[in-house]
There are 2 protein chains.
Amino acid sequence: MTTPSLDEQFRLLSDAVVDQPNAAEFRARLAEAAAAGRPLRVKLGADPSAPDLHLGHAVVLKKLRAFQECGHTVVFIVGDFTGMIGDPSGKSLTRPQLSREQVMANAKTYQEQVFRLLDPEKTEIHFNSEWFGGMTFENVIRLASHVTIAQLLARDDFAKRYAYRAPIALSEFLYPLVQAYDSVMVKADVELGGTDQLFNLLLGREIQKAHGQAPQIVMTLPLLVGLDGVNKMSKSLGNYIAFNDPAKEVYGKAMSIPDEGMWPYFRLLLGKGDAEVAGLRAAVADGSRHPRAVKDELAKALVTMLHGAEEAETASAEFARVFAQKELPSDIPVVSVPAAETGILSLLVAAGLAHGTSEAKRLVLGGAVKMDDEKIADPKAVVTPKDGAVLRAGKRAFAKLAVQA
Amino acid sequence: MTTPSLDEQFRLLSDAVVDQPNAAEFRARLAEAAAAGRPLRVKLGADPSAPDLHLGHAVVLKKLRAFQECGHTVVFIVGDFTGMIGDPSGKSLTRPQLSREQVMANAKTYQEQVFRLLDPEKTEIHFNSEWFGGMTFENVIRLASHVTIAQLLARDDFAKRYAYRAPIALSEFLYPLVQAYDSVMVKADVELGGTDQLFNLLLGREIQKAHGQAPQIVMTLPLLVGLDGVNKMSKSLGNYIAFNDPAKEVYGKAMSIPDEGMWPYFRLLLGKGDAEVAGLRAAVADGSRHPRAVKDELAKALVTMLHGAEEAETASAEFARVFAQKELPSDIPVVSVPAAETGILSLLVAAGLAHGTSEAKRLVLGGAVKMDDEKIADPKAVVTPKDGAVLRAGKRAFAKLAVQA
């Protein structure tokens, strides 16, 4: 694979970005790094208290992958320092205190998950306790001298809490510095994050400047809408697809997305451009493509991303089968039948789906009879009734078999 | 000396205090300590960047001395930790960065100064780098979790700066925690300070509680009005008497206080009660005591406090002599006289204070002639004119001698 031109890299890496306050710097940094023959160092921080990644995280990871495909290095930072402290004020549910063992276990899980999207060969992993474990109070004060109270209170969540008189512990003001100083320690050229991270990313620039470094280029990526098509994807809302969901579940969850909710997934996770997505939308709108088929394409792509193409095909086929079964009515009468092998016509009569063998024969010959979605077209067929099997005769007549002991 | 009763201690130690939000706790703590046979630990923190103490500081030191006289222990903390950091944001002039050597030199000076008022036998001295030098970032975060941004922004000076959009570095929010945690480390029962220290003192209570300690009792003492009788005594206003001022200067500066400005000194530094001060005031008002005599009493007491009684007497006498000289008019004519020894009568004529030797003799015999406040009563006296000496004949006739080279 040849490295794309700088213009092409700029276009590709800036695609679908929300905030890009340093676009000109980014272009210059790309050129400078290329001239120096060095890759850019592109940082992503990970909170080790939530090791279960979902597709919301994949938006950023896909972008990091794009950087790697342009030859750059991803610097992945496990925030074990703060993870092991937790929130000593006990006010935050998102900062439980973790043991060294938990952090290491979570970091391992993380790594396993991100490497489904990232290239391990172009990824550096760091634990930030490396540099914070030994940091003294004196150096904390020096670090804290580079940021003002007004700056921190301008951060959206702090501003709201302050306005509503909800307590903000002083310790919480120290956490953005942790993330910012990570950028200094790994000499980040670029840091990516969700739109809610813009403040922290920009603070990294200030702290790098204070340490005599070129400030990192900051880009934020959109939050992915969840399976409900309304709220952002999050674990707490339950509207997510986890990296660790089995293939079948990934597929099924994707198929549950409302039709109008699909497009951001195509745009942000499958790398489709705006024009391509618009084309798909139009095809669905004018009926030239069925929404379910388009969604199947999406769902398979997501399973492929997380579990590979083979699993995707299997999941799609299995879903089709289950989906068909799902069209059964929910109030199928249960009929008790003998356990022994029997002719299909007798079984239809025993199950109350035909008044006699001649009606039964007509139904079989008409192609209306199925057992568990398997058509039985031979009136001489001999079957072994299975407990719970659904016997069907036409569109409206069903019976669930309860085999006599 | 017998220890005063608890009631008497309470009265004595609460006297002239401004803020005493924990009065009931104080009474209980006195009783509890007495029952346990232990002295109270009474804390005072010192800023090692300003080693030059003045009488404004003496208000607190006198109160600490009173605690010692009731058998309690003073815990004196040299804030060398913050002293050696300074203000890394460079925004504060009051936090210059000091070297280890400067801090030690300042601490020594401090010690020498406070022991003029405190009993060294009942004083513990600590340097807070003992416990902050090795404090990790993790423990800083734990400490910072016990205080909120709103609490800190409520501190008067921070509130003002925030309102005026003057930058407050995050590091500045860490400093009050330093003082508060000092209280934990020395297990302070009581902390004293100026009225501007109330916030920091109360924060010490919160941090002690968070560390499972009984919170310290907090008392603030009035700010002493300076020599101008208007503004608080401070080095920057130049209206101060320093502990290290020579005895003569202490005396002279005290004598320069306006009459109405004397009373706080009697009240806060000489241990006079309200009634006693009111009595003195009345005596001056009805003319039964001359204000200058009362001020002499004050000035001598202050010199005694800082330099001992003997120095006080000397300073008073010397001042009286200089003061008398000060009553000379400011436009004394300068007369040129020969350098040689001469009879007093010739000198009077040469200086133009007598028209002839007979008038001169009459003046001398009449006791009207003085050289530099020394009376010359013998018309045969021989004197050696000194350059700048003032020759006087009666209340209105003066000459300043300029000896011919």
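What radius of gyration does chain A have, and what would a compact globule of 405 residues have? In this predicted model, in which local features need pLDDT of at least 70, side-chain atom pairs count only at pLDDT 80 or more, and totals for chains, interfaces and linings use all residues, side-chain values use heavy atoms, with hydrogens and water left out. Residues are numbered from 1 along each chain as its sequence is written, while chains are lettered from A and ligands numbered from 1 in the order in which they are written.

The radius of gyration of chain A is 29 Å, whereas a compact globule of 405 residues would have one near 22 Å; the radius is taken over C-alpha atoms, and the globule rule is 2.2 Å times the number of residues to the power 0.38. The C-alpha trace of chain A spans about 95 × 50 × 40 Å along its principal axes. Chain A contains 18 helices and twelve strands, which are DSSP runs (helices H or I, at least four residues; strands E, at least two) numbered from the N terminus.

Of the contacts in chain A with a separation of 6 or more, 69% are accounted for by residues 24 or more positions apart, contact meaning heavy atoms within 4.5 Å. Buried residues make up 48% of the 405 residues in chain A (buried means under 20% relative accessible area, exposed over 50%, partly exposed in between, with a 1.4 Å probe and protein chains only). Helix α10 (residues 170-186) of chain A is mostly covered, with 16 of its 17 residues buried, and just after α10(A) a positive phi of about 50° is taken by Lys187(A).

In chain B, Lys253(B) is placed in helix α12 (residues 247-255). Lys253(B) counts as buried because its relative accessibility is 18%. When residues up to four places away in sequence are not counted, Lys253(B) touches Leu227(B), Tyr240(B), Ile241(B), Ala242(B) and Asp245(B).
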